[in-house]
Amino acid sequence: MVMPDEFRHAEIVREMRAQKNWFSPHLLTVRYFEKPVFGHHCNIASVKCFGENAFGLRFPAAIFTGLTGAMIAATVWLRRRDAKLAALAFGFYMSFALVYGVATMPITDAPVTFFTTAAIFSAFLASLEEPLALRRFFLEALCALALAGGFYTKGAVGIAVPGISIFFFLVWEKKWREFYRLPLVVLPVFLAVVLPVARQIHLAEPDFWNYFINVEHIQRFTQNAPGQHPQPWWYFLPVVLADACAVEEFAQQIAVPPDGHVRGKAAHVFAHHLAAVVAYAARLAAPHLHTGVRGVDVGSHAAAHILTGTYLEQH
């Protein structure tokens with residue numbers, strides 16, 4: 001296994017199983033409140049099935065990565081009914097080097113990528129449905145469940161990144177009514193899922209939420225203490241610029257194809273991805289919040305792989 005992340009997560013899993021304490025993570029008997037418990041629960045279930053070994057520890061990350069790729073393919077199929085394009089988008093995503101990295105380590109990047117992508121895609125599909133359609137309510141409930149999963153995997157990042165992406169997508173599409181329609185279902189379902197688990201964590205460890213919110217979130221914004229990655233925000237700017245330029249080139253190529261029939265659909269996907277890039281840039285703009293950029297980056301690339309597949313299919 002790889003130091004230090006894999007050994008740290010393995011030890012947290014071992015201690016939670018030994019103490020039978022499912023809501024208060026400990027590392028070498030010290031309370032460890034860096035992240036919520038969902039990722040640890042997934043690792044515990046996998047280790048129980050496959051044993052205390054590297055495969056058992058890494059299996060959940062691989063599963064969540066595969067589910068994210070399948071979700072990309074399913075979204076393409078729902079919008080285009082094109083099996084070839086769905087396979088191309090899935091293949092591009094699964095062969096991406098950064099995706100391979102997060103899929104082979106027992107860290108929270110793979111599940112938070114899954115939940116981020118699920119929240120963005122479900123909100124995107126819901127915004128295209130009629131206001132009272134049953135399918136719309138189902139997609140909005142899925143969005144709420146994805147936001148809850150992201151929150152219990154990586155905290156506020158699991159809500160902020162898809163939330164900012166959805167916000168800019170709705171602005172881009174001028175879907176102003178969605179700003180009060182989406183919360184009507186998303187917010188109650190989100191609270192119904194989050195509050196009971198939050199209560200159980202509070203009962204098991206009353207100081208968890210105080211530390212997790214104040215230290216892991218507020219102080220990282222407001223204090224000048226160095227973060228896990230001390231580089232300034234502009235250190236990551238080339239990644240954002242290269243990402244945006246590449247996607248813009250693909251969008252220009254496929255938005256005006258010779259027959260013209262894909263323009264509207266390509267523009268929808270481009271708007272989705274541009275919104276995700278803006279969310280990623282906002283994340284990097286916080287100098288002390290460079291932890292976990294891998295999962296945010298992978299989550300912002302989902303639509304880019306769809307665009308890449310569309311480009312190759314058209315040419």
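**Figure 1. Contact of helix α1 with helix α2 in the predicted model**. His-9, Ile-12, Val-13, Met-16 and Arg-17 of α1 meet His-40, His-41, Asn-43, Ile-44, Val-47 and Lys-48 of α2; contact means heavy atoms within 4.5 Å. Helices are DSSP runs of H or I with at least four residues, strands are runs of E with at least two, and both are numbered from the N terminus. This contact divides into five nonpolar, four polar and two charged residues. Ala, Val, Leu, Ile, Met, Phe, Trp, Tyr, Cys and Pro count as nonpolar, Asp, Glu, Lys and Arg as charged, and the others, Gly among them, as polar. The axes of α1 (residues 5-19) and α2 (residues 38-50) come within 10 Å and cross at roughly 75 degrees, which makes α1 roughly perpendicular to α2. Axes are lines fitted to C-alpha atoms, for helices over the stretch in contact, and angles run from 0 to 180 degrees between N-to-C directions. Angles under 35 degrees count as roughly parallel, over 145 as roughly antiparallel, 65 to 115 as roughly perpendicular and the rest as oblique.

The model is predicted: local features need pLDDT of at least 70, side-chain atom pairs count only at pLDDT 80 or more, and totals for chains, interfaces and linings use all residues. Residues are numbered from 1 along each chain as its sequence is written, and side-chain values use heavy atoms, with hydrogens and water left out.

**Figure 2. Crossing of helices α3 and α4**. The axes of α3 (residues 54-80) and α4 (residues 83-95) come within 8 Å and cross at roughly 155 degrees, so the two helices are roughly antiparallel. Residues in the contact include Thr-65, Ile-72, Val-76 and Trp-77 of α3 and Leu-85, Phe-90 and Tyr-93 of α4. By class, there are twelve nonpolar, four polar and one charged residues.

**Figure 3. Packing of helix α6 on helix α8**. Helices α6 (residues 109-127) and α8 (residues 157-173) pack at about 25 degrees with axes 9 Å apart, and are therefore roughly parallel. Their crossing is right-handed. Among the residues that meet are Val-112, Ile-120 and Phe-124 in α6 and Val-161, Pro-162 and Phe-169 in α8. The contact has ten nonpolar, four polar and no charged residues.

**Figure 4. Helix α7 and the residue after it**. Helix α7 (residues 134-154) has 21 residues and reaches 31 Å from its first C-alpha to its last, close to the expected 30 Å; the expected span is 1.5 Å times one less than the number of residues. Gly-155 follows α7 and has a positive phi, near 80 degrees.

Conventions. A crossing is left-handed if the near helix is turned anticlockwise from the far one by less than a right angle, and right-handed if clockwise.
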